[in-house]
Amino acid sequence: IPSHDIPQLNCHPTKLLHEDYMKVSTGQLARRYATALFESAVEAGNIDILSKEAETLVAVVSPELEHFFASPTRTLDEKERVIQDLISHLKLSVHTARALTLMGSNNRLGHLKLIFKKVLAYADEYKKIVRAKVKVAQSMSLTEIADLERVLSQTTGQSVVVECETEPQLRAGMIVNIGTRQIDSSLKTRMSNLKEFLSQGV
């Protein structure tokens, strides 16, 4: 990749060459920004801060906000005002604020969520963290989540962070996805298995 196509986050945006000289896919573009942001955070020793802020941004950027940032009918000034409000409200670090401002200057805010998802993935790999996607019938307390993280970490031998999603149709129990592995202890699945077993006439 030519050096002028890689965002230099320690530079003022006006000193950067515009990226549109080369057509790149959304995935390529997101990786470039995420890599530049992640590597500069590692160099500055801010990886823990960046990881937390990336997680926060991924959570708060709604589909509506993504649509707003991606809309060609919205001006850069309008998007910049929203970004500055976001930076202020979330009390983001200078490092992350500079990256968001750069994305705004280059009209790349439509890719913001994808970029920070990749940043979070890089940070997890760097810190040797594995994320478990957990679906539960009822919301879990912070204590219950911490207990589940401890059990999963002991079982897998890795540092596990649990991300919970509530699905009332499970009725009880949970479904845990870690990488390619799935543990389904939901009541819905148990009842389905029992129904199948009984239908075989056993």
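This briefing covers the sheet, a helix pair and the aromatic contacts of the structure above. The model is predicted. Its open sheet has four strands in the order S2-S1-S3-S4, and the pairing is mixed.

**Sheet layout**

- The four strands of the open sheet follow the order S2-S1-S3-S4, with mixed pairing.
- S2 and S4 (181-184) are the edge strands; each has a single partner strand, so one side of each has no neighbour in the sheet.
- From one strand to the next, the twist averages 20°.
- Six of the eight residues of S1 are buried, so this strand is mostly covered.

**Strand pairing**

- S1 (residues 129-136) pairs with S2 (residues 159-166) in the parallel sense, over eight bridges.
- Two of the bridge partners in this pairing are Ile129 with Ser159 and Ala132 with Val162.
- S1 also pairs with S3; these strands run antiparallel and are joined by five bridges.
- Opposite Gln182 in S4 stands Asn177.

- Helix H7 (residues 142-156) forms a β-α-β unit with S1 and S2, and the unit is right-handed.
- The two strands of this unit are the parallel pair described above, S1 and S2.

**Packing of H1 and H6**

- The crossing in which H1 passes H6 is right-handed.
- Thr26 has its place in helix H1.
- With a relative accessibility of 40%, Thr26 counts as partly exposed.
- Thr26 and Arg108 are 82 residues apart along the chain, and their C-alpha atoms are separated by 9.8 Å.

**Aromatic pairs**

- Three aromatic pairs are found in a search of the whole structure.
- In one of them, the ring centres of Phe38 and Tyr122 are 5.8 Å apart and the planes lie at 55°, so the pair is tilted.
- Phe38 has a relative accessibility of 13% and counts as buried, whereas Tyr122, at 23%, counts as partly exposed.
- The rings of Phe68 and Phe69 have centres 5.6 Å apart and planes at 65°, so this pair is edge-to-face.
- Phe68 is buried at a relative accessible area of 15%, and Phe69 is buried at 2%.
- One aromatic cluster is formed by Phe38, Tyr122 and Tyr126.

Terms used
Residues are numbered from 1 along each chain as its sequence is written. This is a predicted model: local features need pLDDT of at least 70, side-chain atom pairs count only at pLDDT 80 or more; totals for chains, interfaces and linings use all residues. Side-chain values use heavy atoms; hydrogens and water are left out. Two strands pair if DSSP finds at least two bridges between them. A crossover is right-handed if, with the strands pointing away from the viewer, the path from the first strand over the helix to the second runs clockwise. Axes are lines fitted to C-alpha atoms, for helices over the stretch in contact, and angles run from 0 to 180 degrees between N-to-C directions. Rings of Phe, Tyr and Trp (its six-membered ring) pair if their centres lie within 6.5 Å; planes under 30 degrees apart count as stacked, over 60 as edge-to-face and the rest as tilted. Buried means under 20% relative accessible area, exposed over 50%, partly exposed in between (1.4 Å probe, protein chains only). A crossing is left-handed if the near helix is turned anticlockwise from the far one by less than a right angle, and right-handed if clockwise.
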